[in-house]
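Please keep the sequence and the structure in view while reading.

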Amino acid sequence: MNRKDISFFVNNQKIVGMLFYPEETDSNLPGVVFYHGRGSRQERYFERAESLCKKGFIALTFSFRGCGESEGEYSKQTNADATDDALTAFDFLLAQKQVHKERIGICGFSFGSYLAAVVSSKRTVNSLVLGAPVIHNNEWDNLAYGKISTEEIKSFMNKENFENNTAIEAMKQYKRNLLVIEHEKDEVIPETVVKAFYENAPAQNKKFAIIKNAPHKLKGEYYEEATRLTVDWFLQTL
């Protein structure tokens with residue numbers, strides 16, 4: 001297995017990432033890009049990327065602007081900025097000559113899952129893994145993170161109806177392969193939100209998995225279970 005530091009630019013700001021690829025790199029390999037949660041960084045997904053790489057995948061991790069070593073001030077980023085980052089990262093992976101253009105998946109966690117859903121309506125994504133997906137108000141798209149309170153997010157997620165929400169509308173169009181993972185003891189994401197992503201998708205092949213007793217942020221055995229579910233899913237669908 002090999003890995004190399006990569007970078008790309010969005011609006012003249014540098015995004016730092018890591019590309020993982022097998023020792024013997026054939027053409028037409030499946031590829032997966034990882035979208036981390038808001039305020040997190042790419043390093044949390046190195047283990048999953050390595051696990052996929054050992055199975056013959058090319059995997060891309062990166063830190064969104066304002067996170068990790070990527071440029072940008074975190075508090076000034078917006079959901080629209082993050083969507084641009086996510087699309088550019090997807091296109092970066094798509095441009096790798098060894099990657100099969102129709103065998104690309106996205107693995108998102110929390111806010112990364114929200115972005116993965118949005119990207120699925122703008123690009124051809126053959127397989128999605130959405131871990132503990134969060135949902136955001138469309139009206140926040142161009143509002144800086146620093147101006148959205150935790151209380152506002154919690155209040156919005158406790159709604160009973162998410163009609164016309166960008167991410168849910170994207171899921172209503174998604175017809176390929178979908179794995180949604182719920183953390184049973186998630187103190188951040190209501191079960192109704194997680195199920196909204198799953199139930200609204202007319203995916204030809206979809207699965208709902210629950211990691212028993214898991215909190216929102218995964219560690220130890222819970223992280224290992226999420227990794228196993230993710231790798232197995234992409235092996236089956238890509």
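This is a predicted model: local features need pLDDT of at least 70, side-chain atom pairs count only at pLDDT 80 or more; totals for chains, interfaces and linings use all residues.

Residues are numbered from 1 along each chain as its sequence is written, and side-chain values use heavy atoms, with hydrogens and water left out.

**R48**
- R48 belongs to helix α1, which covers residues 46-53; helices are DSSP runs of H or I with at least four residues, and strands are runs of E with at least two, numbered from the N terminus.
- R48 is buried but has no salt bridge; buried means under 20% relative accessible area with a 1.4 Å probe, protein chains only, and a salt bridge is a side-chain nitrogen of Lys or Arg within 4 Å of a carboxyl oxygen of Asp or Glu.
- The nearest side chain of opposite charge to R48 is that of E47, 7.1 Å away.
- At 3.3 Å, the side chains of R48 and T227 form a polar contact, that is, a pair of N or O atoms within 3.5 Å, one able to donate a hydrogen and the other to accept it; residues adjacent in sequence count only if both atoms are side-chain atoms.

**R65**
- R65 is located in the loop between β4 (58-62) and α2 (79-94).
- R65 is buried because its relative accessible area is 4%.
- The side chain of R65 makes a polar contact of 3.1 Å with the side chain of Q13.
- A polar atom of the R65 side chain also lies 3.2 Å from the backbone oxygen of D81.

Key
Buried means under 20% relative accessible area, exposed over 50%, partly exposed in between (1.4 Å probe, protein chains only). Lys and Arg count as positive and Asp and Glu as negative; His and the chain ends are not counted.
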